[in-house]
2 protein chains.
Amino acid sequence: MITYRAPLEDIRFLLHRVFDYEGRVASLPGYEDASGEIVDAVLEEAERFAVNELLPLNASGDAEGCVFENGVVRTPEGFKEAYRAFSEAGWCGLSCDPDYGGQGLPHTLQFLINEMICSTNLSFGMYPGLSHGAYNALALHGSKTQKNHYLPQLVAGTWSGTMCLTEPHCGTDLGLIRTRAEPDGVGPDGETLYKITGTKIFISAGEHDLTDNIVHLVLAKLPDAPPGVRGISMFLVPKILVTDDGSLGERNAAVCGSIEQKMGIKASSTCVMNFDAARGTLVGAPHKGMRYMFTMMNEARLAVGLQGLGIAETAYQSAAAYAKERRQGRALKGAAEPDKAADPIIVHPDVRKNLLTMRALNEGTRALAVWTAINLDVSTRHPDAATRQECDDLISLLTPIIKAFMTDHGFTAANLGVQIFGGHGFIRETGMEQLVRDARITQLYEGAYGIQGLDLVGRKLPQHAGRLLRRFFHPVAAFIEANMAEPGMQDYMLPLAKAFAKLQQASVWIAQEGMRDPNQGAAAASNYLRLFALVILAYLWARMAEVALAVPEDQRDDFHKAKLATARFYMTYLLPEANSLFTTITAGAGPLMDPPAEWF
Amino acid sequence: MITYRAPLEDIRFLLHRVFDYEGRVASLPGYEDASGEIVDAVLEEAERFAVNELLPLNASGDAEGCVFENGVVRTPEGFKEAYRAFSEAGWCGLSCDPDYGGQGLPHTLQFLINEMICSTNLSFGMYPGLSHGAYNALALHGSKTQKNHYLPQLVAGTWSGTMCLTEPHCGTDLGLIRTRAEPDGVGPDGETLYKITGTKIFISAGEHDLTDNIVHLVLAKLPDAPPGVRGISMFLVPKILVTDDGSLGERNAAVCGSIEQKMGIKASSTCVMNFDAARGTLVGAPHKGMRYMFTMMNEARLAVGLQGLGIAETAYQSAAAYAKERRQGRALKGAAEPDKAADPIIVHPDVRKNLLTMRALNEGTRALAVWTAINLDVSTRHPDAATRQECDDLISLLTPIIKAFMTDHGFTAANLGVQIFGGHGFIRETGMEQLVRDARITQLYEGAYGIQGLDLVGRKLPQHAGRLLRRFFHPVAAFIEANMAEPGMQDYMLPLAKAFAKLQQASVWIAQEGMRDPNQGAAAASNYLRLFALVILAYLWARMAEVALAVPEDQRDDFHKAKLATARFYMTYLLPEANSLFTTITAGAGPLMDPPAEWF
């Protein structure tokens, strides 16, 4: 009952009509070959792979799960073949450096393809997703030898990567980690060798049967480490040691102790990893591990946001198809199809409200994802440093919002999908409840909602005296001024302007109150993040409406008319939440912090 | 990691201090023996059973699930023994008629015990829950023979019951059912016998190994049935035929074809039931099946609302215990426990916000449940017809709200619980994710949210020219007038009065607009239901605050202080949603209904 096609029409609308992909990305140095036409062709190819290879394995992978036996993890049937086809087609290295065998295509394309992978098989996507994080960290911080030995294999997909952070007693608070690294001689290039000892948990792709080797990036403490997060270093610890010529040597003492039984993403192995004096090398400088980790983490947070959208898109398409097919009851103003025993349930206002909620947030967050991805490409490649910085600021600001809001939306949309299926949605064979179970993890890993709220309010807002905030506020203010009086735009501009004013007020309140008492900012953080997201989406919906309205009315096709209708729904049904959020933001920390812990 | 004790202190506060159980219930004819002391003692006994017998089987029942083999369903290990102990202790017949072996105790007690059962083992609770529905339908509409043969066994728990409504092509729209009943001779008491043929799906407790017989109440159509819901009759179809003296005879052709693989409540069997000319008798009059079904359904909807609360309570207690134990990070204003490596996460405002959200809605909806249950007892037993009617009106109004809002809360609370556990909440062994999967069904069966919204707006609001609505509006208006100026009450009364005014406005809007266009009412329905629920809870929180404030300040213990703190949290953090809901209610059906179906 799962229905999915890649939203290519929406993607092309965003790339070519709303965000000027050609002008902003294809013109960047190094992306000369990534023309709009090439990008469109690659997206179609990606859709074929996702729909034909990944989607058919999604339900079976969930039913079968990963199996742990004698220290080895077996992925579900078909995963090995699909992974081989995936890596051989070059998808692992899509946006990677051509020097290491990558295709050097823009992040924008990577983001859009990630969405398709998550729409069709979130569990599968975890394996190349983790490799990509390891690639990023090594590409930026690795030594020449580390890069030469590991990057080509990660790009080719013959080896995969992990991030080994969490320990049983610490996930969010990495300052508490106990894994230690001790110097153990000198390597052929004069680099210090280390022995790593400790236990890591929740390691996605920590062990599996898809690749010849697994590259663990492990956070650990050196003997002379200062306490807390300032004393964390990053180590490269391969599953199988790599010889001086880059070939595979003996097995390292980095072994999987068990895998977790989870609510969802059951085809993705989640491992307990035991490092027992495992041999490794330092990545970058000592005690800088947290900083490098954030290199991986920031892009991972954006990727996890896309996981939310991916699932939400499948939930929407499946629910919309079902609502047009399932017949129960009659339209309230008289039978829509009197010759049939009942009308399709899409005649009911509440079913439509649920569908439009999913759709308005899917298309809104996809616009946010594309906007961010384009900024990411510009921030990496633009010749002008100030332009790069400007884009980087904006991405820093948007990252916690994308992670938290888009994963919340993914989970909510999956549940709305189940709701439209009614009791049938609760039955495993329709596939809808799997979306709920799979989506649930995205709200937890890479920093839960509360952590993203604190990042936004405690770090991003005050950073550079509010400069990051202005990277969003200024263009929005300019857009409002330019379009407020435009004919046809009032339906979108007036709600945007009002909500934007609330966001500005809330930002001032938090800045002032948070200075007086940090709990004031922290108490408001998660509601502020949600308010921020709603205003971002209002801005992007208004921009999409502007583009659709630019098409003369008699030439507007269903796609453009639906855009305008969905924009209107967003403004009237979803954006009003901004008012309640504002009220709770300014309620202050008192009601939360006054009760002593023992009352709970 | 699941933590649960029955909330006895809160229950006693509600029964004896807020809602005057002794004065309103224990004084009713037939309840003379159900004094406050007796009730308290029974509740303590129920807690022991729930905690010692049901809770230990919850996770294992989920892992094992029900097994279908050769037409027989095997419940998970331990369920048989627990069920035997449950029925032998008399819990099946707690509120049933003593004439049939019941204990004749008030509904109020039944409600509170149901909450405990759902807190500790929702799947288990399905079996006696369904029996209770069948008991109600037969007690009200069954013939003398039907009552004599079946009620004592249902009360004793030796036989169980089902509701056979849904068919593959119809769940919500029962007018479409195809199961047919044909007359087939005359029974010993002159009653017509029938042969029932058809397939029913999603039949909870349709087949299992807990009882000697299963009593199916089956909706089917007689040969002369008018079309649609006016042509539905109810039949009693036992799994094993009952002889004239009430003993078990031969096997009936009512057999389980398969059981569903589900997201949750895996220890509750969900059956496809095949009736192949199965023998049955008519319940009540021909073509009145829908009306009788609602006898079961209305109480079932209240019971399902309690399922939401039951799960939410376990989620809260487990999350609160974890938040006081799990150490990550530091309090923002300086370490709370500097001698430890980190502070417990309950120091963080956002963790507290999540906990208080669960708690404020748990205690608020428990107050709603007790208030409703007391009204149910009065509506059944009060000597004065006008008083009975008044209570019945209020229950009719509250039923869709309780079903929809409390199950939504149950699911949300279960998810907040997972969120507080972080990644550990996604792992099966903590037990938190099971709460989410189990809670999900409560939002679907017995009428999904959208159906409850339509019931509220389309039936309950206009009924008797708004009389039902006034049963709530008048006491609230009187309470506001009486308490608005009371010292200390302003924190609660002002928000209540504002939200109540919004609800009144919204009610007028729906009444007026809905008359003009039924889609206007239907478009607003689910948001209106939620607004209504928030106002009800504001009213009940204000009443609880009033009671707590009546305790002199120097004598207020932690329980009373926590009540006032939670009331304040509800008013400042949760009630403000009422404003946004009001805005969307008055947005009208246009944005939902204008897009043609093919745009979706």
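Good morning. Of the contact residues of chain A, 100% recur in chain B, contact meaning heavy atoms within 4.5 Å.

A word on conventions. This is a predicted model, in which local features need pLDDT of at least 70 and side-chain atom pairs count only at pLDDT 80 or more, while totals for chains, interfaces and linings use all residues. Residues are numbered from 1 along each chain as its sequence is written, chains are lettered from A in the order in which they are written, and side-chain values use heavy atoms, without hydrogens and water.

I turn to the domains. Chain A holds domain 1 (8-139), domain 2 (159-287) and domain 3 (448-591), with bounds from an automatic or database domain assignment. Between domain 1 and domain 3 of chain A, about 730 Å² is buried, 68% of it on carbon and sulfur atoms; this is the accessible area (1.4 Å probe) lost on putting two parts together, summed over both. On the side of domain 1, Phe13(A), Arg17(A) and Val18(A) lose the most area to domain 3, together 60% of what that side buries.

Finally, the count between these two domains is one salt bridge, a side-chain nitrogen of Lys or Arg within 4 Å of a carboxyl oxygen of Asp or Glu. Lys563(A) forms a salt bridge with Asp10(A), with 2.6 Å between the closest N and O atoms.
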